[in-house]
Amino acid sequence: MYTVCSDTPEWVETIKESRNPRVLTMLSGGKDSIAAICLLKRNGLDVSAVHFIHKWCSNIPTDEAERICREMNIPLRIIDFTSEFYQEIHTYTDGRPCALCKKKMYQILISLLKTSNFGWLCIGDTANDRTTIMRMRSHIGSGKYKSLVCSTYFGSEMGLELPAGIGVVRPLIEMTADETEQFLLSEGIQVRRINSTGDKYFEYHREGCFIQFADM
């Protein structure tokens, strides 16, 4: 099922021709990150995955991350950052702690990349992630890569930078959420979801960690 595409996308060539074409994927276990890692694998790239957990999250994304990596023969590292996350939130009373969670994950990820041999980081952002795209467009001019798919944009708004020489690939950034689901359907991949009921602070459904609903 996971075969190399006959028409190789330009971003695949960019990665393969780079100094270090090994890719580490942030694999949340949701549909977007699973679609992203599937695209990497089917295009013949050397890909590994990292999956972050804490003690308040659902087991479903972890089960899905383990399943897809097992089926696709992708090395997977699971990092439990409960203690690091707790240090950030145990006195926090200023709304949803998701931003703190993301920043702490990214800090740990940067430490991992500094001691690992990867040239690329894969993130499963889609065309629906408009805030990310806006930030990327303002960043592109200062980066080595000039597209939305391959760039050097990571977490500059949080004061974070990747180690020198590492690029970021977002293979879904020009695909909508609906197109991502259609791609998974075409690959015969079904992803179990948490099916959370909505966002506590904003008026839209947000599939994600249960801690977004928690009162401190």
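Modeller: A search of the whole structure, which is a predicted model, finds four aromatic pairs. Start with phenylalanine 52 and phenylalanine 81. Their ring centres are 5.8 Å apart, the planes make an angle of 85 degrees, and the pair is edge-to-face. Phenylalanine 52 belongs to strand 2, while phenylalanine 81 sits in the loop between strand 3 (76-80) and helix 4 (82-89), so this pair ties together parts 29 residues apart in sequence. Buried means under 20% relative accessible area. Phenylalanine 52 has 11%, so it counts as buried. Phenylalanine 81 has 1%, so it is buried too.

Now take the pair of tryptophan 56 and phenylalanine 85. The ring centres are 6.1 Å apart and the planes lie at 75 degrees, so this pair is edge-to-face. Tryptophan 56 is in the loop between strand 2 and helix 3, and phenylalanine 85 is in helix 4, so the pair ties together parts 29 residues apart in sequence. Tryptophan 56 is partly exposed, at 30% relative accessible area. Phenylalanine 85 is buried, at 0%. Elsewhere a charge meets a ring. Arginine 22 lies over the face of phenylalanine 118, 4.3 Å from the ring centre.

Next, the packing. In soluble globular proteins, nonpolar side chains tend to be buried together. Here the largest nonpolar core has 38 residues, and Trp11, Leu27, Leu40 and Val169 have the most contacts inside it. Several elements each supply at least two residues of this core, including helix 1 (10-16), helix 2 (31-42), strand 2 (47-53) and helix 3 (60-72). The largest share, seven residues, comes from helix 2. Apart from this core lies another one, of 26 residues, with Ile79, Phe81, Met105 and Val168 among them.

What does leucine 40 touch, leaving aside its neighbours within four places in sequence? The list is Trp11, Val23, Thr25, Leu45, Val47, Cys122 and Val169.

Helix 2 has twelve residues and reaches 16 Å from its first C-alpha to its last, close to the 16 Å expected. Helix 2 is mostly covered, with ten of its twelve residues buried. Just after the helix, glycine 44 takes a positive phi of about 75 degrees.

Where do those two charged residues go? Lysine 31 forms a salt bridge with aspartate 32, with the closest N and O atoms 3.0 Å apart. Lysine 31 has 17% relative accessibility and counts as buried, whereas aspartate 32 is partly exposed, at 23%. Arginine 42 meets glutamate 187 in a salt bridge of 3.1 Å, N to O. That pair links distant parts of the chain: arginine 42 in helix 2 and glutamate 187 in the segment after helix 7, 145 residues apart. Both glutamate 187 and arginine 42 are buried.

The structure holds eleven salt bridges. Another one joins arginine 170 and aspartate 125, at 2.9 Å, N to O. Arginine 170 is in the loop between strand 6 (167-169) and helix 7, and aspartate 125 is in the loop between strand 4 and helix 6, so parts 45 residues apart in sequence are tied together. Arginine 170 and aspartate 125 are both buried. Finally, a network of salt bridges links Asp63, Glu64, Arg67, Glu71 and Arg192.

Conventions:
Residues are numbered from 1 along each chain as its sequence is written. This is a predicted model: local features need pLDDT of at least 70, side-chain atom pairs count only at pLDDT 80 or more; totals for chains, interfaces and linings use all residues. Side-chain values use heavy atoms; hydrogens and water are left out. A nonpolar core is a set of buried Ala, Val, Leu, Ile, Met, Phe, Trp, Tyr and Cys residues joined through side-chain atoms within 4.5 Å. Buried means under 20% relative accessible area, exposed over 50%, partly exposed in between (1.4 Å probe, protein chains only). Helices (H or I, at least four residues) and strands (E, at least two) are DSSP runs, numbered from the N terminus. Contact means heavy atoms within 4.5 Å. Rings of Phe, Tyr and Trp (its six-membered ring) pair if their centres lie within 6.5 Å; planes under 30 degrees apart count as stacked, over 60 as edge-to-face and the rest as tilted. A charge sits over a ring if NZ of Lys or CZ of Arg is within 6 Å of the ring centre and within 35 degrees of the ring normal. The expected span of a helix is 1.5 Å times one less than its number of residues. A salt bridge is a side-chain nitrogen of Lys or Arg within 4 Å of a carboxyl oxygen of Asp or Glu.
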